[in-house]
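Dear colleague,

Here is the structure I said I would pass on. My notes on it follow below the entry.

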Amino acid sequence: MSTPARERAWESPGVGTTRLGLSTSSITRGLESLRGSMRRTTSALSWITLPAWVVLAVGVISWIAGSVLGWMELVVLGAALVATFVVCGFFAIGRHPYAITLRLREGRVVAGERAMGGIEVRNTGSAPVMPARMELPVGPSLARFALPALAPGGEHDELFAIPTERRAVLVVGPVRSVRGDPFGLIRRAVQWTEPEELYVHPRTIPLGSASAGSLHDLEGLASKDVTNSDLSFHALREYVPGDDRRYVHWRSSARVGELMVRQFEETRRTHLVTALSVHGHDYEDADEFELAVSVVGSLGLHTLRSESELSALTQLGAIGTRGPRDLLDSLTRLDTVRRPGRLPDLARVVTRDITRATVAILVCGGGVSHDQLRAAGAVLPVGVRALAVQCRTGVQFSARRLGAVTMLELGRLEDLPRGFRRLQR
C-alpha cells in the first residue's frame, strides 16, 4: 500500500572551467543550473546568526569606546571580537559541489513501525571537498549527519530510521548541507531536495471473515419502497402499458380476467456509515482519540474488503473512502478541534447527508454521556441500525442497550473483533 518516494537530485553549477565556443545547449544548461543555485542559496547576510551580530556589535562598540577613552584593553577586546567575526566568515565561503538524493523506502507505515530512508551524496566537482554537515528535518525534529571529505566523484550514503510511535503526517526534508565555523556564529545552509510526506497510518485490526456479519448482506435489506423488479415479492397490481411481460402473474390474471403483474419490495445492499466525533470535549485524553481513529479505520477496511458501500464522516466533513489508502490517509490527517457540534449534531449530519444508510456506527470517547448517546440514536432515521463505539482507555469490554443504540465500550483495539461478533447476533 505504500509507494516509494520520488528521487530528486540537483547538481551545483559552476563545475569545471568556462570555455569560449560553448554550444547553445551548454549555455542553456548553465543558465538553468545558475537559476537553480540562486533558488537554493540565500544572501550572505542570512548566514550571520544572532550571536554573530552580538559579537560584531560588542567588538565595534568596544573598539570605538577604547579609542575614545584611551583604554587599550577595550581596543584589544574589540579588535579580537571583530577579527573572530571575520575569520568565522571564511569557514562559510566556497562551493557546495554536491548531488544529493533523498529516498524513503516507504511513503506509508503503520504507527509503531520504523520508517527507513537514505541520503546519497556525490561530489560532482573536479576537486576534493572538505567535511561538512547535513541536516534533515523530520517533522518537529532535526537530524544531523557528519559528511566526510569526498574526492572528485566520491559518494557517501547515510541511512536513517524514523521512529513512528503515533499517527501523523511527517514532513521529511528538505536535505540541507551546512558550512560554518566551530563556534556556530556563521552558518551557511544550502537546500538540495524538496520535502517528502511520510504517512504514519493508524493501527488497525482485522475483524474476521469479510463474508459474515451484519455488515454484509447477500440479498440486501428490504425497504418500504416498492419497485417493479427486485428479489422480495410484495403484491400484485393491474398491468399498465410499458410493464415488463416477464413479471405478469398468469395464474392470477386468468382468475380475475385481466393481466396482473408482480410488485416487489426494493432491497438495498448494506451501506455502512461510520461517524467519528472530532470534538475535543468528547475525549478524556489523546489516547482515546487515537483508539477511536483506529476503530473507524478497522471498520472501514473491513467494509471495503467485503465490497459493501461505505461512507465515513466527521463534524468537519467526509472522510475519503475510495479505497484503503484513501481512507487511511484521510484518517491520518485528523485531529480534534473545539469548534464543531457534539455527537447528537454529528448524528443529524448522518441523517441529512446519508439518505440510504442501513447501519450507522457512531464512534466517540469517554467524554460523551449516556444521555448524549441516547439523543444521538434518536436522531438517526427509523430503519437504520444504530450502533455506538465508546473508546475509554483502560476499561473492560462491555455491551449495553441505550434507547435505540447498541453501545460497545472498548478499552483497547484488540477488543473490537469481540465486539464486532456481538453485533452479529
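The model is predicted, so local features need pLDDT of at least 70 and side-chain atom pairs count only at pLDDT 80 or more, while totals for chains, interfaces and linings use all residues. Residues are numbered from 1 along each chain as its sequence is written, and side-chain values use heavy atoms, with hydrogens and water left out.

**Salt bridges**

A salt bridge here is a side-chain nitrogen of Lys or Arg within 4 Å of a carboxyl oxygen of Asp or Glu. By this rule there are 17 salt bridges.

Asp371 pairs in this way with Arg374, with 3.1 Å between the closest N and O atoms. Both residues belong to helix α8 (residues 370-379), and because they are three residues apart, about one helical turn separates them. Helices (H or I, at least four residues) and strands (E, at least two) are DSSP runs, numbered from the N terminus. Arg374 is partly exposed, at 37% relative accessibility. A network of salt bridges with shared partners takes in Glu135, Arg144, Arg176 and Arg187.

Glu290 and Arg167 form a salt bridge at 2.8 Å, N to O. Glu290 is in helix α5 (residues 286-305) and Arg167 in the loop between β6 and β7 (168-172), so this pair links parts of the chain 123 residues apart. Arg167 is buried, at 9% relative accessibility.

The salt bridge of Glu197 and Arg333 has its closest N and O atoms 3.1 Å apart. Because Glu197 sits in strand β10 (residues 196-201) and Arg333 in the loop between α6 (324-332) and α7 (343-353), the pair ties together parts 136 residues apart in sequence. Both ends are partly exposed: Glu197 has a relative accessible area of 41%, and Arg333 is at 49% relative accessibility.

**Strands**

Two strands are taken to pair if DSSP finds at least two bridges between them. Three strands form an open sheet in the order β1-β3-β6, with antiparallel pairing. The edges are β1 (98-104) and β6 (155-163); each has a single partner strand, so one side of each is without a neighbour in the sheet. From one strand to the next the twist averages 15 degrees, where axes are lines fitted to C-alpha atoms, for helices over the stretch in contact, and angles run from 0 to 180 degrees between N-to-C directions. Strands β1 and β3 (residues 114-123) run antiparallel and are joined by seven bridges, and Thr101 has Glu120 of β3 as its bridge partner.

Strand β4 (residues 132-138) has six of its seven residues buried, so the rest of the structure largely encloses this strand. Seven bridges join β4 to the antiparallel strand β5 (residues 141-147), and in β5 Arg144 is the bridge partner of Glu135. Two residues lie between the strands of this hairpin, in which Gly139 takes a positive phi near 60 degrees. Strand β4 is also joined to β8 (residues 176-180), again antiparallel, by three bridges; there Val178 of β8 is the bridge partner of Arg133.

**Aromatic pairs**

Rings of Phe, Tyr and Trp (its six-membered ring) pair if their centres lie within 6.5 Å; planes under 30 degrees apart count as stacked, over 60 as edge-to-face and the rest as tilted. The count comes to three aromatic pairs. In one of them, Tyr98 and Trp192 have ring centres 6.0 Å apart and planes at 70 degrees, so the pair is edge-to-face. Tyr98 is in strand β1 and Trp192 in the loop between β9 (187-191) and β10, so the pair ties together parts 94 residues apart in sequence. Tyr98 and Trp192 are both buried. Phe145 and Phe160 make a tilted pair, 6.3 Å centre to centre with 45 degrees between the planes. Phe145 is in strand β5 and Phe160 in strand β6, 15 residues apart, and both are buried.

**Surface**

Val60, Trp63, Ile64, Val68, Leu69 and Trp71 form a nonpolar surface patch with about 630 Å² of accessible area together. Val68 is in helix α2 (residues 50-69). Patches are made of residues with over 30% relative accessible area and no salt bridge, like charges being joined within 9 Å and nonpolar side chains (Val, Leu, Ile, Met, Phe, Trp, Tyr) within 5 Å. Areas come from the Shrake-Rupley method with a 1.4 Å probe, and for residues only the protein chains shown count as cover.

Regards

Technical notes: Buried < 20%, exposed > 50% of the residue type's maximum accessible area, 1.4 Å probe, protein only.
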